[in-house]
Amino acid sequence: MQESPIVDLNDPLLFINRELSWLAFNGRVLADVRDANLPIYERLKFFAITSSNLDEFFMVRVAGLKQQQSSGVAETAADGMLPADQLAAISERTHAMVDEVYRLWREELLPKLASHGVAVLTRDKLTAEQKAAAKSYFTSSVFPALTPLAVDPGHPFPHLRNKSLNVAVLLRREGPKRKRNMRETSLAVVQVPSVLSRLVSLPAPQGTVLAVLPLEELISLCAADLFPGYAVERTASFRVTRNWDLNVDEEESADLLSTIQEELRRRDRGAAVRLELDAAASAELETALTSALKLGTPDVYRLQGPLQPSDLMMLTDLDVRPELRVEPLVPAVPPVLRDEEPVMSVIAKRDILLHHPYESFDPVVRFLEEAAEDPNVLAIKQTLYRTSGDSPIARALTRAVENGKQVAVLVEIKARLDEANNIAWARRMEENGVHVVYGLIGLKTHCKVALVVRREGNGIRRYVHLGTGNYNPTTARQYTDLSLFTARQEIAEDVTALFNMLTGYSTAPQWKRLAVAPMGLQERVLGLIHRETEKAKKGEAGRIVAKMNSLVDSSVIKALYAASQAGVKIDLLVRGICCLRPGVPGVSEHIRVTSVVDRFLEHSRVFAFGEGPQAEVWMSSADWMPRNFLRRIETMFPVEDPALRQRLLDEVLGVALRDTVKARRLQRDGTYAPVGQEGAPVRSQGVLLELARRVADPKPMESLIRHAAAPELPAETLRSPTAPVPPAS
């Protein structure tokens, strides 16, 4: 037994600020922009993702802090920082991050593109032929779509949509000398049409494969055509980020769907929180824009490169050379699911675990498609948090209704940034006869669950899919997630009770196998941590390995500190935000926190308590955050098949813990450092990609999992290039 020193676990110094931890995560994404070993289009993707991540961060997190500050709400974070302190620290770190992003663009990405014959031009770098072609295209295709907007006492500053791209123009009146009381210059705004391609293809000189000019550069080049009688003094591109959160009172809403639709229409009128501005813009122009948008100097980000870098990914559509990108992923289908045998017939015999994207998401779609056509299936119930634009799952559910089955779907219409998409799906499914509900008032439904009820013999049998990620075949090729199929009776009974609670009036039951938020999931997690703590206090080996996206909840963090004090060995694989501070003497010496940022977004949640064959292994839709424990319907479910448990311990958790290429270790001061390596380098996602290639041959697979750097594994696999993906919930 280890004596626990007397330490106040509420001490703010024991917690890392949530917002600054998120910025550290985005810094790890930025590290792959720097990685010269990656193909240029993969580096470009990380450039785009670093910037789009910041968009969401400002739209939600910074906007929320500004709202707190303006309302006088002095809510103190666990680390003791007030909103004003956090905003100041965010501004300082984000300005440094943005400067570094655009330095990499100018000094590395742009020259690298040019070395491959790809020219991203500016208006002052055009040849005579390119300038003539640009002006011709402007006259024929761009000019008719533009609406120049004057800004003067008779023309108020226009309300610009969130993240819209615009060109500010400073004008001087030509002709006779003007009256003294008239302004020397006038301001106008031209919105860059989103209906036109952001990149304009121009003639490519010899030695160049592709030459493009950003649309805002073309508008600046031809701005004089929009303002006859005026001389263009200066132009500058700019972009506004607004508060994008919805304000919905669910208790007072008679129709939640209509209320959210109305809020979506109002959302573009949210307060501005950030101004991105061409670095060459004049001080006069910056003053005019900040005054109109009610922003201060810290809210202005001057960019020496293209605004909205995500649009640069259009280059990959124009340039299909395979050597400039990573090898496409071909997900494997496990041998057990390769035969013509229906998926439910296989599940009836055994539990099935799928590790996406290394293993295909198609069996999940097939499970629902077969259920829709199976005459013995009586009912299908499912939750949808985010799904793809052309969803085969939604089509399967509609087909099930046409075949006379009862179909109930919970569509979460409050899924941030996907509200409009989910409303469209909800309306479409309702029109096709699917029974659609929107969940419990005040709670988001974030769990990923599907239930199929089938008549077999003289009774019925229930088949369940539980996942850590969304029912989205597109992101299932980009995020690492896990799927569990099972027909175990107690799990099926819990899932049935969960759907009854979501769709009707039903109090939470005494769950048999599931842990469900907000009805006991947090307590279950704390109980499992406490059990390992008590084991360590008795002199037994205590062990916790937990993989998640974010760790924020202070009660769980304090429980982990207490476990560490008792001697429990704790490994946390936390991709993003981590507010726990490891390595503090007397508090967290036995806790290691590792983050892996790589080709696929690490999104699965897996928790192991104990060691060896007796370890309990759970999967979940929930991170360890207050919102997941208290404000969402979430599930955590046990993996009861011993072989599948061992696979999770070896393959999902074990290989990640051995990563020495893409892993970064959280330091006591909140920074992250490379793990360092001894022996052969191990890139965990490279190992798993190789496993997917060898999925039909179990012996090499086992060797690869257990050693993570088996001699037969090519070094280039461990170091192979990576490709980024967009953020996820």
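Here's a short chat about the cavities in this predicted model.

Student: How many cavities of 30 Å³ or more does a search of the whole structure find?

Tutor: The search covers the whole structure and takes in cavities of 30 Å³ or more. With that cut-off, the number found is five.

Student: Which residues are the closest to the centre of the largest cavity?

Tutor: That cavity holds about 130 Å³ of space. It's lined by 16 residues. The closest to its centre are Lys547, Leu573, Val596, Glu602 and Ala656.

Student: And which elements give two or more residues to that lining of the largest cavity?

Tutor: Both strands and helices turn up here. On the helix side there are helix 17 (642–657) and helix 18 (684–693). The strands are strand 19 (543–548), strand 20 (569–574) and strand 21 (591–596).

Student: On to the second largest cavity: which element gives the largest share of its lining?

Tutor: About 80 Å³ of space lies in this one, and 13 residues line it, among them His356, Phe361, Gly469, Asn470 and Asp481. Two elements give two or more residues each, strand 16 (459–467) and strand 17 (479–486). The largest share is four residues, and it comes from strand 17.

Student: How many residues in the lining of the second largest cavity are polar?

Tutor: Take the other classes to start with: four residues are nonpolar and one is charged. The polar count is eight.

Notes. Residues are numbered from 1 along each chain as its sequence is written. This is a predicted model: local features need pLDDT of at least 70, side-chain atom pairs count only at pLDDT 80 or more; totals for chains, interfaces and linings use all residues. Side-chain values use heavy atoms; hydrogens and water are left out. On a 1 Å grid over the protein atoms alone, a cavity is a set of points where a 1.4 Å probe fits but cannot get out, and a pocket is an open set with protein on both sides within 12 Å along at least five of seven lines; lining residues have an atom within 4 Å of a point. Grid points are joined across faces, edges and corners, and a volume is the space filled by probe spheres set on the points. Ala, Val, Leu, Ile, Met, Phe, Trp, Tyr, Cys and Pro count as nonpolar, Asp, Glu, Lys and Arg as charged, and the others, Gly among them, as polar.
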